[in-house]
Amino acid sequence: MSDVKKFLYVNRKAPYGTIYALESLEVVLIGAAFEQDVALAFLDDGVFQLTKSQETDGIGCKNFSPTFRALGDYDVTRLYVERESLEERGLTEDDLQEIMYEDEDDDWAEKPSICVISRAEMADVMAEQDVILSF
Amino acid sequence: MSTLHTVNKSPYMTQSLVSCLNHCKEGDAVLMIEDGIYGGLAGGQMAPIVEEMGKKVSLYVLTPDMAARGVDSSRLLEGIEGVDYTGFVELVTKHDRTQAWL
């Protein structure tokens, strides 16, 4: 188990305008197969990736926002969202979609994956990683 | 003589929208498209800036880009008008030139 590293995927860009958000999600799903300790961070415009009610038929892009809800099945159960980034953009946690996972250590109880934390706490999360991948 | 300006970047990540508004003339129109639609959000840090700087122009957002990003029209600053792709074309024809702020 000593070769398990802590990976953090840092998401700072809005969805659809660039390919970064989708590519990040693809890499997370690929990386999840390697049984590492994976968490995602959403800050700056990255918080827009998690908003509810995305409907992309009109722009001819794949709506990848439902895919976030599948991350729990890949043991990716920690999505850190920076509170200040939400507030600066006039958003609250209620504007984000609900993302749940089943906790195998707690009789498969359903728990929220999204954890809204402060900027200072985000810095702490970043500082405790082995590998940080930026998108 | 007037100009249609398009802005496709989020004002929270680049200066494109502010620079665009800084160069607008009275009677111009600014259409926020792609990630630029976040410039129309009420309640955010940019809202008072866009509201103040946008007084002398007509502000528009492209509705398919709003829908893709889960932004409902009820979240927009007052006075911003949503247009679809047909409306985009009409704006282009109504103005003498189109300037894209990339």
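This is a predicted model: local features need pLDDT of at least 70, side-chain atom pairs count only at pLDDT 80 or more; totals for chains, interfaces and linings use all residues.
In chain A, Val10(A) stands opposite Ala41(A) of strand S2(A).

S1 (residues 6–11) of chain A pairs with S2(A) in the parallel sense, over 6 bridges. Both belong to an open sheet of 5 strands in chain A, ordered S6-S3-S2-S1-S7 with parallel pairing. At the edges stand S6 (114–117) and S7 (131–134) of chain A; each has a single partner strand, so one side of each is left without a neighbour in the sheet. On average, neighbouring strands here are turned by 25 degrees against each other, direction ignored.

| Helix of chain A | Strands of chain A touched or crossed | Angle |
|---|---|---|
| H3 (residues 119–127) | S1, S2, S3 (79–82), S6 and S7 | about 140 degrees with S3(A) |

Now for the core. The largest nonpolar core counts 56 residues, and the members touching the most others are Leu40(A), Ala41(A), Phe42(A), Val30(B), Leu31(B) and Tyr60(B). Strand S2 (residues 37–42) of chain A gives the most to this core, namely 5 residues.

Over in chain B, leaving out residues up to four places away in sequence, Val30(B) touches His5(B), Val7(B), Cys20(B), Leu21(B), Cys24(B), Gly54(B), Val57(B), Leu59(B) and Tyr60(B).

What about the interface? Here 19 residues of chain B are in contact with 19 residues of chain A. On the chain B side, helix H3 (residues 63–68) of chain B brings the largest share, 4 residues. By class, that side has 9 nonpolar, 6 polar and 4 charged residues.

Technical notes: Residues are numbered from 1 along each chain as its sequence is written. Chains are lettered from A and ligands numbered from 1 in the order in which they are written. A nonpolar core is a set of buried Ala, Val, Leu, Ile, Met, Phe, Trp, Tyr and Cys residues joined through C-beta atoms within 7 Å. A residue is buried if 20 or more other C-beta atoms lie within 10 Å of its own, exposed if 12 or fewer, and partly exposed in between; C-beta atoms are placed from the backbone. Helices (H or I, at least four residues) and strands (E, at least two) are DSSP runs, numbered from the N terminus. Two residues are in contact if their C-beta atoms, placed from the backbone, lie within 7 Å. Ala, Val, Leu, Ile, Met, Phe, Trp, Tyr, Cys and Pro count as nonpolar, Asp, Glu, Lys and Arg as charged, and the others, Gly among them, as polar. Two strands pair if DSSP finds at least two bridges between them. Axes are lines fitted to C-alpha atoms, for helices over the stretch in contact, and angles run from 0 to 180 degrees between N-to-C directions.
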